[in-house]
Protein chains: 2
Amino acid sequence: MQRRIILGLGVIFSAFFCSAFGQQTDSAFLRRLSMDVMNSAAAYENLKFLCKKIGPRLSGSPQAQEAVLVSQKMLKAAGADTVYLQPLKVPHWVRGGREQAELRQANGKKIALAICALGNSVGTGQKGITAPVIQVQTMAELEQLGAATIKGKIVFFNGGMNPAHIQTFNAYAETGVFRRTGAAKAARLGAVAVVVRSLASNPTNFPHTGVTSYNDSFPKIPAVAISTNDADKLSRLLMQKIASELFLKTTCAMLPDETSFNVVGEWRGTVFPEKIITVGGHLDSWDLAEGAHDDGAGVVQSIEVIRALKATAYKPRHTLRAVLFMNEENGGAGAKKYLELAVQNKEQHLFALESDAGGFTPRGFSIDAADSMVAKLAVHVPLLLPYGVYEIKKGGSGADVGPLKTIGAVTAGLRPDSQRYFDVHHAATDVFETVSRRELQLGAFNMAALIYLVDQYGL
Amino acid sequence: MQRRIILGLGVIFSAFFCSAFGQQTDSAFLRRLSMDVMNSAAAYENLKFLCKKIGPRLSGSPQAQEAVLVSQKMLKAAGADTVYLQPLKVPHWVRGGREQAELRQANGKKIALAICALGNSVGTGQKGITAPVIQVQTMAELEQLGAATIKGKIVFFNGGMNPAHIQTFNAYAETGVFRRTGAAKAARLGAVAVVVRSLASNPTNFPHTGVTSYNDSFPKIPAVAISTNDADKLSRLLMQKIASELFLKTTCAMLPDETSFNVVGEWRGTVFPEKIITVGGHLDSWDLAEGAHDDGAGVVQSIEVIRALKATAYKPRHTLRAVLFMNEENGGAGAKKYLELAVQNKEQHLFALESDAGGFTPRGFSIDAADSMVAKLAVHVPLLLPYGVYEIKKGGSGADVGPLKTIGAVTAGLRPDSQRYFDVHHAATDVFETVSRRELQLGAFNMAALIYLVDQYGL
């Protein structure tokens, strides 16, 4: 009986504090939420499962399909009201057999180099391609050399990521042009293949893959990434001025499209059920590793947002959705389908948050919206500061939630520390062991916190 | 000739900008400094040498002596004017041979457990110790049980670090009481040995060592750390209520003191050579691993401050010193000696910065000084924000520079992200491979930046 009176007083006090001390109530709620997340093994164990039991999850692969099934179960276990699939067509690119690169010098020496085909690239065929190599550092250099020099050659793009960019994504955006467009640009000048220096922040023996795009007006030529260490080696070898040719062999190929799925876990809102808040990451991952940081982390963090808010007995005002997108890496079919269905179903999308920058310690959020909206969200920073988030600023959101901007959603991206991302990104090193449990959890907590604040205060 | 005119104009412009746009000049200088640090392999290669060529560097060990010699060379290579040694006496504790722990149940079962002796602990002797175990979670529980229960037993302190502390050092401070004082407190009640749950943030099979302190009024009893996984296992086994005894064997011992050294690299100031700014870390490290984060990182970052400022042709106004302290881990003799000599030589110490919280991505600095002084330093935050430092706030500095407060220095500590520190701290996992090159460099840059700003603007 006494307990009931105390509880009754509790309710009255809560109501008082809610109105009078909103910040304090939020702060106390976030503290409870953080305790739940930091004490829970759920996100880390889910990531372990995706990485160790399933492994690489490239679109169209059996593992990607398995990830669809498994993540449905994870969302149900997390407490989503309804979990459903959005069917879609995805490209099905396969790497094929052993990949080979060898500089063959006129003196008979053969020097093996560590390469991997770029995603969506055509293969060389079983016989391989053998041709002279020409090294360029910039696109301007390529254009200057022109078709007369490039025709019949393998172009070696050796421009490296600039270590002086403190935000490594800036270096990636800058230097990524070679990987994304190098094959198309070199093909226009008659090149027979391209070798692209890996987008890695630090010297490494591992090549880093990632998608390359062709230009339909020109031939599709094989495109490979070379490890940064072997890019340096190749560069040194070419400077020796010994006549040489590069042998490349890849048997990658694009197979017919497959059916795959976005996985959606929904938790219906209690006040504005028609208004949707999305949090997501992508299920697919490159085939060389386990897709731990890219983007297993984003997947399990998005699931964790639902689990943790549910565990604290929260009742969302808006409808919350954890969306696990398919095919972010080599096509973006999942993002297109999610938008298409949102339009078709006349859904109202308030806010969408993506985690696709690695499971590292969180530093902030970037918001793709007008300055006034960014400022509105930035008022929440003091509540997040004890948890390592000190910045909510204007910037991109992510490839999967970004398109929702066209139907009026404010889109956002988690911004973890970026120093280690390009050690592992798209390489064989992107494995579970490189993810810190606490960093992953802290990211998930801050995502849940921002979702909670948007849910509470709207936009 | 034209070039000379342009350079001449450059000087005039610089002077103008210096007075009119101090912030802008600082910002440009810091940009240059960051480019140097982020492009230089020096710090990372120095760390690799300390970790891989020398290895564990516990005070009194041959490796610690080797580190003294090697780091002198590193400081000279970095460009210090003078490099000298400060001789001092250090304790020489050795782990001895294979360590063993086994729960022996009355049913004949023997269950091996992963343990390691705590630093400065006495050993059990070759015969080992066998006694019943009693588990406690708190010091209060130990006191409640009292001598009647504790006498003749091995006390198992199973209190774990609280994952809900976002700053893991707060959890360390809280739970560290068992490691630091558990042996002394249990000995007072007649215990024959203690087993302390490792101070690790996450489940692990590796025991984490660290120093324990005895109380001279009571017997020195053997003290060991147990891995968190085996602490859980031992706890479960004890709950089975099968009669059991724990067998412990350690042959660690304290040998006679050795002579060792602080290593000091000095760069004489051009305006106030009598006023000293110190930046430092500690050379010694626990014997189980390579002391990569603790505190190889701090050592090479301190050297890097000199190297990078020198590389940008900077002329320090005050005298800068990179100090590599000896014996932080199990005695603090280096810190005492540095203070003692400072007093003896009537040195004026303006500012001292320590890096001893791991080579992780930097988040801020904590300053051990009056609020007004902290506020004065915090005005520099906008200059550091592009490099990930968003907080200069009141707090502790470090075990090595802390004592300089008594002679008027403002002391400070680098505050890197703390999420991963207690994965490796004092354990066999503290190896070179766990240090991110860019994180290490970014820490070093921010240290150099703060030193530059203090040197420019004083306190």
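The axes of helix α8 (residues 292–311) and helix α13 (residues 437–457), both of chain A, come within 9 Å of each other and cross at roughly 55 degrees. That angle makes α8(A) oblique to α13(A). This is a predicted model, in which local features need pLDDT of at least 70, side-chain atom pairs count only at pLDDT 80 or more, and totals for chains, interfaces and linings use all residues. Residues are numbered from 1 along each chain as its sequence is written, chains are lettered from A and ligands numbered from 1 in the order in which they are written, and side-chain values use heavy atoms, without hydrogens and water.

**Terms for helices**

- Helices (H or I, at least four residues) and strands (E, at least two) are DSSP runs, numbered from the N terminus.
- Axes are lines fitted to C-alpha atoms, for helices over the stretch in contact, and angles run from 0 to 180 degrees between N-to-C directions.
- Angles under 35 degrees count as roughly parallel, over 145 as roughly antiparallel, 65 to 115 as roughly perpendicular, and the rest as oblique.

**Helix α8 with helix α13 in chain A**

- On the α8(A) side, the contact (heavy atoms within 4.5 Å) is made by A:A297, A:V300, A:Q301, A:S302, A:E304, A:V305 and A:L309.
- On the α13(A) side, the contact is made by A:L440, A:G443, A:A444, A:M447, A:A448, A:I451 and A:Y452.
- The residues of this contact divide into 10 nonpolar, three polar and one charged (Ala, Val, Leu, Ile, Met, Phe, Trp, Tyr, Cys and Pro count as nonpolar, Asp, Glu, Lys and Arg as charged, and the others, Gly among them, as polar).

**Helix α4 with helix α8 in chain A**

- Helix α4 (residues 62–78) of chain A packs on α8(A) at an angle of about 20 degrees, with the axes 8 Å apart.
- α4(A) and α8(A) are therefore roughly parallel to each other, and their crossing is left-handed.
- A:M74, A:L75 and A:A78 in α4(A) meet A:I303, A:I306, A:R307 and A:K310 in α8(A).
- The residues of the contact of α4(A) with α8(A) divide into five nonpolar, no polar and two charged.

**A residue of helix α3**

- A:N46 lies in helix α3 (residues 42–54) of chain A.
- A:N46 counts as buried, at 18% relative accessibility (buried means under 20% relative accessible area, exposed over 50%, partly exposed in between, with a 1.4 Å probe and protein chains only).
- Leaving aside its neighbours within four places in sequence, A:N46 is in contact with A:M74, A:V300 and A:I303.

**Backbone geometry**

- Most residues other than glycine have a negative phi, and most peptide bonds are trans.
- A cis peptide bond joins A:D294 and A:D295, with omega about 5 degrees, and A:D295 lies in helix α8 of chain A.
- A:K241, in the loop between α7 (228–239) and β10 (244–249) of chain A, has a positive phi near 60 degrees and counts as exposed at 73% relative accessibility.
- A:A313, in the loop between α8 and β13 (318–325) of chain A, has a positive phi of about 65 degrees and is exposed, with a relative accessible area of 57%.

**The two chains**

- A rotation of 180 degrees with 0.0 Å of shift along its axis superposes chain B on chain A, with RMSD 0.0 Å (by least squares on the C-alpha atoms of residues with pLDDT of at least 70 in both).
- That is the relation of a two-fold axis.
- B:Y390 comes closest to the rotation axis among the residues of chain B, at 3.7 Å (C-alpha).

Note on methods. Left-handed = near helix turned anticlockwise from the far one by under 90°.
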